[in-house]
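Q: Can you show me how to read helix packing, burial and ring pairs in a model like this one?

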Amino acid sequence: MKLMKSGMNIDAVKGISQKDYVRLMSELGFEATFSGDKDEAYHVSLANDLAEFGMEYETIHAPFDGINAMWGEDGEEMYKRLAHTIDMCALSGAGIAIIHLSSGVNAPTLNDMGMARYTRLVEYAAKKGVKIAFENQRKIANLSWALETFADAENVGFCWDCGHEYCFTPGREYMPLFANQLICTHIHDNTCVYNSDDHMIPFDGNVDFGRVAEHIRKAGFDGTLMLEVFAKHPMYEKMTPEAFLIRASEAVKRLERMVEA
């Protein structure tokens with residue numbers, strides 16, 4: 001019996017129309033997708049295409065360029081950009097906004113200003129009926145703060161990015177700490193070289209997907225195995241969009257079998 005869903009980001013490849021992309025994903029067995037944050041017309045159009053093919057618009061990834069500003073004096077503009085993502089989730093029916101808490105090795109330390117902004121964002125999302133999933137990057141302190149502070153908030157959870165774990169924080173495992181708050185995933189592969197965030201199709205790099213499957217299985221997670229992959233790696237340069245999507249669908253089905261074994 002099938003227990004989990006599979007999904008894939010909407011922008012993995014170029015050279016194919018949005019509707020054809022959605023149609024092909026559906027034909028390959030994908031049931032959900034996510035996008036970045038764009039304007040209202042884009043999100044309405046994508047939501048309509050997904051509805052036509054019976055797919056779920058699961059999450060919208062908030063902008064993260066300049067995310068460190070959330071912890072500083074000039075952070076209100078960044079706050080507005082994150083709030084826009086919340087608005088687009090409410091508009092399109094995507095239930096979850098993926099939010100980063102910092103970026104880079106020299107990210108700001110926790111402070112009252114940033115904590116207040118993220119608290120305000122969580123409260124704003126709750127009013128809009130949207131969940132926030134905080135995603136692991138390089139720093140554990142701010143993620144720990146957010147997931148502990150909002151542990152009782154019904155609209156806050158954890159987005160586990162297994163690729164980030166292997167290339168940004170090698171040797172650190174997030175699932176033993178936060179699996180009880182897991183609400184969505186980002187699944188991708190890389191070479192496991194520090195800072196090489198390759199976003200390859202699973203099993204094309206060096207990530208230990210046996211361990212990934214074990215974490216997901218132990219968590220009792222029955223949500224979506226959501227690929228976050230891009231055809232930017234040299235190994236995919238001669239692939240057609242269709243061939244890339246087929247390879248991705250085969251990989252996520254393999255991972256699904258491992259999780260459900």
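Q: Which residues of H3 meet H4?
A: Start from the contacts, and keep in mind that this is a predicted model. On the H3 side they are Glu-76, Tyr-79, Leu-82, Ala-83, Ile-86, Asp-87 and Ala-90. H4 answers with Arg-117, Tyr-118, Arg-120, Leu-121, Tyr-124, Ala-125 and Lys-128.

Q: How many residues of each class does the contact of H3 with H4 have?
A: Sort them by class. The contact of H3 with H4 has nine nonpolar and five charged residues, and no polar ones.

Q: At what angle do H3 and H4 pack?
A: Read the angle together with the axis distance. Helix H3 spans residues 76–92 and helix H4 residues 112–128. They pack at about 20°, and their axes are 10 Å apart. Angles under 35 degrees count as roughly parallel. H3 is therefore roughly parallel to H4. Their crossing is right-handed.

Q: How are H8 and H9 oriented to each other?
A: Helix H8 (residues 209–219) and helix H9 (residues 241–260) pack at an angle of about 55°, axes 8 Å apart. That makes H8 and H9 oblique to each other. The crossing of H8 and H9 is right-handed.

Q: Which residues make the contact of H8 and H9?
A: H8 supplies Phe-209, Gly-210, Ala-213, Ile-216 and Arg-217. H9 supplies Leu-255, Met-258 and Val-259. By class, the contact of H8 with H9 has six nonpolar residues, one polar and one charged.

Q: How do H1 and H2 cross?
A: Helix H1 covers residues 18–27 and helix H2 residues 40–52. Their axes come within 9 Å and cross at roughly 35°. The crossing of H1 and H2 is right-handed. Gln-18, Lys-19 and Val-22 in H1 meet a set in H2: Tyr-42, Ser-45, Leu-46, Asp-49, Leu-50 and Glu-52. The contact of H1 with H2 divides into four nonpolar, two polar and three charged residues.

Q: Where is Asp-204, and what does Asp-204 touch?
A: Asp-204 sits in the loop between strand S7 (182–186) and H8. Leaving out residues up to four places away in sequence, Asp-204 touches Asp-189, Met-235, Tyr-236 and Arg-247.

Q: How many aromatic pairs does the structure hold?
A: Check two things for each pair: centre distance and plane angle. The structure holds nine aromatic pairs. One of them joins Trp-71 and Trp-145, 6.2 Å centre to centre with 70° between the planes. That pair is edge-to-face.

Q: Which parts does the pair of Trp-71 and Trp-145 tie together?
A: Trp-71 lies in the loop between strand S3 (56–61) and H3, and Trp-145 in helix H5 (residues 141–149), so the pair ties together parts 74 residues apart in sequence. Trp-71 is buried, at a relative accessible area of 5%. Trp-145 is buried too, at 13%.

Q: What about Tyr-118 and Phe-134?
A: They form an edge-to-face pair, 6.0 Å centre to centre, with 75° between the planes. Tyr-118 is in helix H4 and Phe-134 in strand S5 (residues 131–135), so this pair ties together parts 16 residues apart in sequence. Both Tyr-118 and Phe-134 are buried.

Q: Which residues do ring pairs link into a cluster?
A: Follow the pairs from ring to ring. They link Trp-71, Tyr-118, Phe-134, Trp-145 and Phe-150.

Key. Residues numbered from 1 in each chain as written. Predicted model: local features only at pLDDT ≥ 70, side-chain atom pairs only at ≥ 80, totals over all residues. Heavy atoms only, no water. Axes fitted to C-alpha atoms, helices over the stretch in contact; angles between N-to-C directions. Helix = DSSP H or I, 4+ residues; strand = E, 2+ residues; numbered from the N terminus. Parallel < 35°, antiparallel > 145°, perpendicular 65-115°, else oblique. Left-handed = near helix turned anticlockwise from the far one by under 90°. Contact = heavy atoms within 4.5 Å. Nonpolar A, V, L, I, M, F, W, Y, C, P; charged D, E, K, R; others polar. Phe/Tyr/Trp six-rings, centres within 6.5 Å; stacked < 30°, edge-to-face > 60°. Buried < 20%, exposed > 50% of the residue type's maximum accessible area, 1.4 Å probe, protein only.
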